[in-house]
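The structure is shown first.

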Amino acid sequence: MANNPSLFAIRSLHGTIPRRAAIRHPPGRVEIACAISSPRNLAARRRAASIPAVRVDKINLPRQTLAAMPQSPRFAPTAVRVVELLAFPLVQLLDVTGPFQVFASANDLVLEAGGRPPYDVQVVTRSGAQVTASAGLKLSTAPLSHASATVDTLMVAGGRGVEAAAADPAIIEWVQARAKRARRIASVCTGAFLLAATGLLDGRRAATHWSYCAELARRFPKVRVESDPIFLRDGPVWSSAGVTAGIDLALALVEEDLGSSLALAVARYLVVFMKRSGGQAQFSTVLSLQAADDEFGALHEWINNHLADHLTLPVLAERARMSERSFSRHYAEATGLTPARAIERLRVEAARRLLSESGLPVKRISQRCGFGSEETMRRSFLRLLAVTPQDYRSRFRA
């Protein structure tokens, strides 16, 4: 017992106490009390009662133990998390390699700290042979695992080949079976189409590449498609926006598993944002409205030069030389937005540029962009970008 700091020998004046020792564990300490029931040991019991209970600080004890064991790993040993990345011919390369590198870098950092690599990452395909990504690079893969094999995280990539994969009964059946074994499931980019084909997204919120959101919603009406998030989570199911957003999603998974410090270290090593705002617009409002340039291009140019004006529906309809009802209908058909929502997005877009490129006060920016007040601009930023103007400036100002 002398060699084990967690064991204590309790002795009386007459030697080791032969009776039982009761150990109580109140918060923050370990208290050891002697239980002496023999009348013959009454004197010893009285002496023992006058001795203060032994108290051990459970917070400092592990630190003292680690100090005496310099080779002790910084990370507690845990079961290795098996991550399966499903690929297929014509997969989007970054949908696979982006998340793969995040998990691999987490392994490297934990290993360097003296711990056990927490992830076993496997790229799997139906053939188990090399597949050629849409970029032309060949990927070595493993065959689909057995349905009963251990898996922690199942990720489905996207790309041009996702249509064929989603139409393959063997792949659909395998994904459904693996999902029952996995702690969590995730899709990257258009991999959401494959998950939707399995029914795993029914009734859930989901994200995908911005240019495919309408198609995903049309083909799978039970899926609640959201077009703005970089990634989102609905219960055990995660999904991300296009391509590089898979890196954001993988960082979030690492943070959930190993904590924010380790995830931040991975992000720093990869020279990426630890967290892009989950509600950050995936693409420029100006670019998204270019599809309507043939009909409303001149109007958009005029709006951008008059954002501080009072841009009411009558003003816009007159500028477009249409009746209010006709303008509202034609504009929504051309842009997918109401005129009011388009104006709000254009104002937010202009404010974003001023916040990142100028030193103007937020109040002045809100006035210049037509919001009228800081609070109005703040509400628009939270609704469209899920971040306040002040936070946006702190993240993105050059």
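## Helix packing

Helix axes are lines fitted to C-alpha atoms over the stretch in contact, and angles between N-to-C directions run from 0 to 180 degrees. The model is predicted. In this model, helix H14 (residues 339-357) packs against H16 at an angle of about 100°, and their axes are 10 Å apart. Angles of 65 to 115 degrees count as roughly perpendicular, so H14 is roughly perpendicular to H16.

On the H14 side, the contact is made by Arg-341, Glu-344, Arg-345, Val-348, Ala-351, Arg-352 and Leu-355. H16 contributes Met-377, Ser-380, Phe-381, Arg-383, Leu-384 and Leu-385. By class, the contact of H14 with H16 has seven nonpolar, five charged and one polar residues.

## Aromatic pairs

How many aromatic pairs does a search of the whole structure find? The search finds eight. One of the pairs joins Phe-381 and Tyr-392: the ring centres are 6.1 Å apart and the planes stand at 80°, so the pair is edge-to-face. Phe-381 lies in helix H16 (residues 374-385) and Tyr-392 in helix H17 (residues 389-396), so this pair ties together parts that are eleven residues apart in sequence.

Elsewhere, Phe-193, Tyr-212 and Phe-220 are linked into a cluster by ring pairs.

## Burial of the Phe-381 and Tyr-392 pair

Residues under 20% relative accessible area count as buried. Phe-381 has 0% relative accessibility and therefore counts as buried. Tyr-392, at 7% relative accessibility, also counts as buried. Phe-381 is also among the H16 residues that make the contact with H14.

Conventions. Residues are numbered from 1 along each chain as its sequence is written. This is a predicted model: local features need pLDDT of at least 70, side-chain atom pairs count only at pLDDT 80 or more; totals for chains, interfaces and linings use all residues. Side-chain values use heavy atoms; hydrogens and water are left out. Rings of Phe, Tyr and Trp (its six-membered ring) pair if their centres lie within 6.5 Å; planes under 30 degrees apart count as stacked, over 60 as edge-to-face and the rest as tilted. Helices (H or I, at least four residues) and strands (E, at least two) are DSSP runs, numbered from the N terminus. Buried means under 20% relative accessible area, exposed over 50%, partly exposed in between (1.4 Å probe, protein chains only). Angles under 35 degrees count as roughly parallel, over 145 as roughly antiparallel, 65 to 115 as roughly perpendicular and the rest as oblique. Contact means heavy atoms within 4.5 Å. Ala, Val, Leu, Ile, Met, Phe, Trp, Tyr, Cys and Pro count as nonpolar, Asp, Glu, Lys and Arg as charged, and the others, Gly among them, as polar.
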